[in-house]
Amino acid sequence: MAIMRKAFTATLFAALCAVAAWLSVPPRGNAPRGWAAQFPDRPITQSPDLKGSYRFEQGGWVFVHLKGSPQQIGYQHGYLLASEILDAFQAVKLRDTHDTHRDWNFFRQAAREMLWPMIDREYQEELQGIAEGLKAKGVALDLDDVVALNGFEEVADYYVPWYDAEHKVANAPHLVSPGNCSAFVATGSYTRDHRVVMAHNNWTSYLHGERWRVIFDITPQHGQRILMDGFPGVITSDDDFGVNSGGIMVTETTITQFVGWDPHGKPEFMRSRKALQYANSIDEYVRIMLEGNNGGYANDWLLADNKTGEIAQFELGLKAHRVWRTKDGVFVGSNFARDPAVIAKDTTFDPHNPASSPNARHTCWNELMEQNKGRIDVTMAQHFMADHYDAFEKRTNADERSLCAHVEDSPRGVEIWGWPPNYPGGAVTGKAMDSAMARAMSFYARRGHPCDGDFIAAPFLKAHPEYAWQAPLLRDMKAGPWTVFKAGEHAP
């Protein structure tokens, strides 16, 4: 009898454990129609594993380590960054709907009907995983929202202007592609140790920039390990500063006044993530970015292969592109197009206007590189990112022409990007690494203005009520310290 009671108890206990396990499975996000048929090898009720993932905060950044299959990486991303993703989503939605004069359903439809079908299965699974992780944390964003969020750098500023022109939309707002970031990559006789040095600061609206504070350490099931900065909920860096375990170092600056879009192309956010994850050479990076190029978020990519010491500038237009490369030299970026074919076929950019922000910063970069030839290292790179020299006015002045931009202080704004006078935007992060750091999968990052300046929202909004529409979500952006991050590190 005792044996029977023990057997019954064991059976009951096992049954209760099974019920408890079933109840603990987080609900799936709102999967698109046909999802189960599209991925028949993945049971609908399967819960991704958080094992091996973690997060911590340091220097104003959120460091997240993601590991596993695409589904697991996505789930970990959505789950660990749920609050940051919801906050970032609200800022993106506010800006996109305000600037384009369209409701959010327009962006959801573009995500579902145009972007989603062109995304590789691996990244479809990762995006679905993000939606599932968010759902498990009680965040009511579905897959369409997640895909639209990932396209925030290309849909509003590239697709919508193309769509309005194609459909002859009456009273369409004047939208232009952005011009974000200052960056350089140097090697050979330009650097102190004759190896690669790379640095970048991200220019964007403070509405977005204050939220651009994630360091992603990703160990995928396939491809290279990745260390990059990024935006919550987005599978690529998007301001594009990163390094992979194959020694490929990547950054970029956006091409000013770019015009063009291919609705049948692959999203830029997917191609740039795929290139950083799978490229083992500069040639492979270029090939992946060209495959299915949709023209979205068009950039001058500054690349380095740490294995060989070679660096490259890859100017990627839609109708034209070009690659320059060297083992002894420097490439700079400040949102200017360089190749005559790209300028003529893909932009309305004037390379001869010395007063424009891209050209003034180009002049500044050239002067800095020549003045410091043979001495450039990662410490000097940090100082470059904080530079306030206006090469057009030939004086120190933190404005839209300085490498570390403070457009909120400029009465001119940046007209060619659609930034009105005193627009709350400018440099919002700084990053730098050299060859030794890249070999260790490590880099410096600083949140906020690289110059150590703070942006305080309340007095700005009081002085500039024309930006009151941002008031619900515009926050202070205070500069943090230069902080070293390394793949695989844990909380200090």
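Guide: Helices are DSSP runs of H or I with at least four residues, strands are runs of E with at least two, and both are numbered from the N terminus. In this predicted model, Leu-127 is found in helix α6, residues 121-136.

Visitor: What should I know about the model before I read on?

Guide: Because this is a predicted model, local features need pLDDT of at least 70 and side-chain atom pairs count only at pLDDT 80 or more, while totals for chains, interfaces and linings use all residues. Residues are numbered from 1 along each chain as its sequence is written, and side-chain values use heavy atoms, with hydrogens and water left out.

Visitor: What is pLDDT, and what is its average here?

Guide: pLDDT is the predictor's confidence in each residue, from 0 to 100. The protein averages 91, and 90% of the residues score at least 70. Over residues 1-46, however, the pLDDT is below 50.

Visitor: Is Leu-127 buried or exposed?

Guide: A residue is buried under 20% relative accessible area, exposed over 50%, and partly exposed in between, with a 1.4 Å probe and protein chains only. Leu-127 has a relative accessible area of 0%, so this residue is buried.

Visitor: Which residues does Leu-127 touch?

Guide: Contact means heavy atoms within 4.5 Å. Leaving aside residues up to four places away in sequence, Leu-127 touches several residues, among them Trp-116, Ile-235 and Phe-269.

Visitor: Where is Ser-182 found, and which strands make up the sheet of six?

Guide: Two strands pair if DSSP finds at least two bridges between them. Ser-182 is found in strand β3, residues 182-187, and β3 belongs to an open sheet of six strands, in the order β12-β3-β4-β15-β16-β17, with antiparallel pairing. Strands β12 and β17 stand at the edges, each with a single partner strand, so one side of each is left without a neighbour in the sheet. Five bridges join β3 to β12, and Ala-183 stands opposite Gly-333 in β12.

Visitor: What surrounds Ser-182?

Guide: Ser-182 counts as buried, because its relative accessibility is 0%. Not counting residues up to four places away in sequence, Ser-182 touches residues including His-200, Thr-253, Gly-333 and Arg-361.

Visitor: With which side chain does the side chain of Ser-182 make a polar contact?

Guide: A polar contact is a pair of N or O atoms within 3.5 Å; within protein, one must be able to donate a hydrogen and the other to accept it, and residues adjacent in sequence count only if both atoms are side-chain atoms. The side chain of Ser-182 makes such a contact with the side chain of Trp-203, at 3.5 Å, and a polar atom of the Ser-182 side chain lies 3.3 Å from the backbone oxygen of Leu-403.
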